[in-house]
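I opened my notebook to keep track of what I looked up.

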Amino acid sequence: MIKETTIQSLLYVIVFAPLIGAIINGVFPRVLSRRAVSVIGVGLPTISFVATVLALVGFLGLRSADPTYTAVSASLFSWIVSGPISVDFALWLDPLSIVMTLVVTGIGSLIHLYSVGYMHDDPSYARYFSHLNLFLFSMLLLVLGRSLLLLFVGWEGVGLCSYLLIGFWFDDMDKAIAGKKAFIVNRIGDFGFLIAMFFLIFALGGSLDIPSLRAMVADPTSIFHSNTAMVTAVTLLLFLGATGKSAQIPLYIWLPDAMAGPTPVSALIHAATMVTAGVYMIARLNFLYVLSPVSMAVVATVGALTAIFAASIGLVQNDIKKVLAYSTVSQLGYMVLAVGVGAFGAGIFHLMTHAFFKACLFLGAGSVIHAMAGEQDIQKMGGLRKKMPITHITFLISTMAIAGVPLLSGFFSKDEILFSALALQHSSGTVAPWLNKLWFGLAIGAALMTAIYMFRLYFLTFSGELRSPDAHPHESPASMTIPLIVLAIGAALAGYLGLPIPGKNLLHNWLAPVFADGASAINSTGSHTLEYALMGVSTVVALAGIGLAWALYRGPWQHVPAKLQESLAGLYKTLVNKYYVDEAYNAVVVKPLIGGSKLLHRWVDAGLIDGIAVNGPAKALAYVGRTARRLATGDVQTYAAIFAIGIVLLVLFVM
């Protein structure tokens, strides 16, 4: 049996292996060959994944010997000691962080492997893998950090890496601006996270250790139970951070623009890493969120609105990556809805299944773009089913999974969220029951739209005839198709870890110790009969959406989209332009800030500060110098006269 000390050592390997890869490829790009860069860039994340599997095996062994065993902690050094504040650089492995680490390292390693073929001809090959490895390190630090402060370091790290990777081709101004946009928008949410940590430091007397926070919350005499206003403020501020990282209304605007980066980067950001950070953080702090029914209702409402809002935009997008981007925003809305209603396990379940099918979809899109010589407009595609058989079948499986086709992974995880939205109630009784119906209605509407826009994407890309006669598509190399096959298998089978059978839900049983405190504050008004009935409803919705997409884009109604576009021109234009949200931000926030900055620069910086504190003294000294210089005439008689006048004045002053 693997000992606890061995698991602690494995934790360091898991976290620091990608960092070593980032340093080597980043420091020695000109020394290493492309093969060496590939081996290091892919090999070290793979080592991290293998170490995670070994840590899981060891954890299972310890848990079988002692069923009450819940976590392994490894402290590397004392990081911050200042007065009452004490923070260790400590890692924390429990059932939740194991699931997240398996997703991050497993899918992350496949994306790294895919990148070998996709980025092979890029002149900045080593820089790309260095940034990608650093991204993985930051996400692992976020997931495995024992304290909120260490989690926040990883949180900021993925924000920095998103800027580096989205703007990877920075010589293209549009791509550079997209990277900057992601960085700035996330800083808004991160400000809320920082303020929340300051509140917690005050409440805890200097500790941000998550297990200590959980123990303190469990004490009914603690400040968290006597000061509900503070808990609500803290959880809402933390959620502000989550709206940035997990792309929820109103801070979702950076994610569609993240498509400017290389396609494997889009897959890594959208599937396994950065965008899941906010969902993970809320799930990790479930014991804190359940103390504020108001915060949970806000979280659920924002999630449901985001799900249907982004899905409606996805209906009319023609860029293959933009469709998938808005799909990600919508699916993240489902996850946030789940944790908002108290179904923390369902949120993590959908996070896991989504990681498989969305990574497969993005990498499949990358395979299509690679085959189409950079073309991303689905209106110029078609007929790729025969040209790219592996890409086609893996893309179809993942499309069916995200649409909620029965027996595939998305069907199980999405159905659980729909059931939870309708049936779960906070034990305080302060949340109005009609809100559950609203959340369910928005979620089922988003599910219908998901099936429509995803199969619209599939039919326009792979069915019919090729609409670009100059294109010569071909199947991608093995380094790209092997990850697609593995991910498609996950998209098909991952849902069976969470079967809706009492006592047989493996994932929920595994995560139960982590969510025990949160679950105790949530009541279910539903039954398994209701859940099974809703599975039937979601199946009908999914099949109806697929059937409608087929009729509109492959069947007898192919003339209808053009007519709808003409007759509903206003609505269509609004959806194509994403409800003009970016334009509104530009008018209300960006331009006033730029104008105000210019005004402040002119009057405060240049006029007041430079004029008085910097340029003013310099000009005064220059004036004194010019005046004094006139006295230095070189005439001895003039000097004698001045000397005599000075003596007279001195005598008069003394007298």
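My entries on charges, helices, rings and surface follow.

**Ground rules**

I am working with a predicted model, where local features need pLDDT of at least 70, side-chain atom pairs count only at pLDDT 80 or more, and totals for chains, interfaces and linings use all residues. I number residues from 1 along each chain as its sequence is written, and side-chain values use heavy atoms, with hydrogens and water left out.

**Entry 1: salt bridges**

How many salt bridges does a search of the whole structure find? I noted nine. The term means a side-chain nitrogen of Lys or Arg within 4 Å of a carboxyl oxygen of Asp or Glu.

I looked up Arg146 and Asp209 as one example. Their closest N and O atoms are 2.5 Å apart. This pair links distant parts of the chain, 63 residues apart. Arg146 is in the loop between helix 4 (125-144) and helix 5 (148-166). Asp209 is in the loop between helix 6 (173-204) and helix 7 (210-218). For the record, helices are DSSP runs (H or I, at least four residues), numbered from the N terminus.

Is Asp209 buried or exposed? Asp209 counts as buried, because its relative accessibility is 13%. The cut-offs are under 20% relative accessible area for buried, over 50% for exposed, and partly exposed in between (1.4 Å probe, protein chains only).

**Entry 2: a network**

Next I checked Glu156 and Arg187. They form a salt bridge with the closest N and O atoms 3.3 Å apart. Glu156 is in helix 5 and Arg187 in helix 6, 31 residues apart. Glu156 is partly exposed at 25%. Arg187 is partly exposed too, at 22%.

Then I turned to Asp190 and Lys245. Their side chains meet in a salt bridge of 3.5 Å, N to O. Asp190 belongs to helix 6 and Lys245 to helix 9 (residues 228-245), and 55 residues separate them. Both Asp190 and Lys245 are buried. I wrote down that shared partners join Glu156, Arg187, Asp190 and Lys245 into one network.

**Entry 3: helix 5**

I tested the length of helix 5. Its 19 residues should span 27 Å at 1.5 Å a residue, where the expected span is 1.5 Å times one less than the number of residues. The end C-alpha atoms are 26 Å apart, which agrees. Why is helix 5 largely enclosed by the rest of the structure? It is because 14 of its 19 residues are buried.

**Entry 4: aromatic rings**

I found 23 aromatic pairs listed for the structure. Rings of Phe, Tyr and Trp (its six-membered ring) pair if their centres lie within 6.5 Å; planes under 30 degrees apart are stacked, over 60 edge-to-face, and the rest tilted.

Phe152 and Phe193 make a tilted pair, 5.1 Å centre to centre with 35° between the planes. Phe152 sits in helix 5 and Phe193 in helix 6, 41 residues apart. Phe152 is buried at 10% relative accessibility. Phe193 is buried at 0%.

I also noted a cluster: ring pairs link Tyr125, Tyr128, Phe129, Phe168 and Trp169.

**Entry 5: charges over rings**

Arg127 lies over the face of Phe168, 4.1 Å from the ring centre. The charged end of Arg187 sits over the ring of Phe183, 4.3 Å from its centre. The test asks for NZ of Lys or CZ of Arg within 6 Å of the ring centre and within 35 degrees of the ring normal.

Technical notes. Helices (H or I, at least four residues) and strands (E, at least two) are DSSP runs, numbered from the N terminus.
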